[in-house]
Amino acid sequence: MLRVRNLSFGYTGKPFLRNLSFTIEKGKNVSLIGASGCGKSTLLQSIYGLHHVDGKIFWNDNQLLGPNFNLVPGEDFMKYLTQDFDLMPSLSVADNVGKYLSNMYPRKKQQRVNELLDLVEMREFARVKARLLSGGQQQRVALARVLAKPPEVLLLDEPFSHIDHFRKNKLRRNLFSHLKEKGITVLVATHDSTDALSFADHTLVMKKGRIIVRGKPEDLYREPKNAYVASLFGEMNELPADLFFPEENARHKVILYPHEIKAGDKNGKKVVVKNAFFKGSHFLTEAEFEGHSILFEHPEKLEKGETAFLELPKDLLKSRIR
Ligand SMILES: Nc1ncnc2c1ncn2[C@@H]1O[C@H](COP(=O)(O)OP(=O)(O)OP(=O)(O)O)[C@@H](O)[C@H]1O
């Protein structure tokens, strides 16, 4: 179990990470989401032991003592994959992955390297020098490398940020299944809502150096605490509550995801289309609704200026007032 207690840290005299506490059970996958600059990387670095922090961090019953006590930063049982991959440019892909594996049993080492290269679909590049790889390929090698000697705790900072969509989905499924199977405890900082929604057991939402909400991803998505949380999961509408409930305070907002609004008949709310964006299975459609912009999903392309009628989710509206 990884326990973080009252962790604070600042690059200047003033703390930026403020009083963070959370626990991750062994083998669980926790995602850390939040707007750019909210402190996700700084938190991972702090846990890894790169900063002099206030507060305490424990792995099981052992307190991690950080850079004051460790000449070489980091802990043996923990790996940290940074956003800059940290590969040796002049070494081959295979040598980068096998760098920290023992040379005592060369065949075993070779087997392990191949297994990891298969996992990240980089076997065919085994002999290529790291400096000749694209950003996405380097990121896949870096992922294989942090797994070479399986860590107990893995800290991942935007692990798929350079990898194209086509490959990312399969790689992500394979990687997170592999980590679950091996019982590796994972904390992954991400901008990508799929990482947070589909693979995490638990999600921590950060804003300006604090954890503002935590919970199961499905709960955070279905009952977003505020517009900031909802926006981390994708497009959303934030509409004045008095549009729907005249007795409501005009400062209160209703949060709705575009897919929750359906095209209806003439009894629905009348809107005028401003734009339509093709999304494969539907068009994300932007329209003018009583002086506000509203986003909804529509199966067909509606033209600019066209009138449409929307059916708003009556049962949801009240519960989404914030
Ligand atoms: N080495 C540093 N020295 C001073 N300030 C820093 C340093 N690294 C980060 N910061 C600042 O700390 C804050 C948090 O940065 P951090 O990289 O942790 O955010 P993040 O949530 O990981 O962002 P992103 O999602 O863009 O990677 C930012 O305001 C950033 O400018």
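In which sense do β3 and strand β8 pair, and over how many bridges? Strand β3 and strand β8 (residues 185–190) pair in the parallel sense, over five bridges. Before we go further, a word on the ground rules. This is a predicted model, where local features need pLDDT of at least 70, side-chain atom pairs count only at pLDDT 80 or more, and totals for chains, interfaces and linings use all residues. Residues are numbered from 1 along each chain as its sequence is written.

Let us start with confidence, where pLDDT is the predictor's confidence in each residue, from 0 to 100. The protein chain averages a pLDDT of 94, and 100% of the residues score at least 70. For the complex, the predictor gives an ipTM of 0.98 and a pTM of 0.92. Among the elements of the chain, β2 has the highest mean pLDDT (98), while helix α6 (residues 193–199) has the lowest (86).

Now for the overall layout. The protein chain has nine helices and 17 strands; these are DSSP runs numbered from the N terminus, with helices being H or I of at least four residues and strands E of at least two. Its C-alpha atoms fill a box of roughly 75 × 45 × 35 Å, taken along the principal axes. The domain assignment gives domain 1 (2–229) and domain 2 (235–320), with bounds that come from an automatic or database assignment. The C-alpha centres of domain 1 and domain 2 lie 38 Å apart. Among contacts between residues at least 6 apart in sequence, 62% join residues at least 24 apart, a contact being two C-beta atoms, placed from the backbone, within 7 Å.

Back to β3 (residues 29–33), where five of its five residues are buried. Buried here means that 20 or more other C-beta atoms lie within 10 Å of the residue's own, with C-beta atoms placed from the backbone. In β8, the bridge partner of L32 is A189. Strand β3 is also joined by four bridges to strand β9 (residues 202–207), and these two run parallel; there, S31 has T203 as its bridge partner. Pairing requires that DSSP finds at least two bridges between two strands.

A189 turns up again around the ligand, together with Y11, F16, G34, S36, G37, C38, G39, K40, S41 and T42. The shell divides into four nonpolar, six polar and one charged residue. In this scheme Ala, Val, Leu, Ile, Met, Phe, Trp, Tyr, Cys and Pro are nonpolar, Asp, Glu, Lys and Arg are charged, and the others, Gly among them, are polar.

Helix α1 (residues 40–48) gives the most to the shell, with three residues. Seven of the nine residues of α1 are buried, so this helix is largely enclosed by the rest of the structure. The buried ones are K40, T42, L43, L44, S46, I47 and Y48. Just after α1, G49 takes a positive phi of about 100°.

Finally, an open sheet of four strands has the order β2-β1-β4-β5, with antiparallel pairing. Its edge strands, β2 (17–24) and β5 (62–63), each pair on one side only. Strand β4 (residues 54–59) pairs with β5 over two bridges, and F58 has Q63 of β5 as its bridge partner.

Note on methods: Near = placed C-beta within 6 Å. Buried ≥ 20, exposed ≤ 12 C-beta atoms within 10 Å, placed from the backbone.
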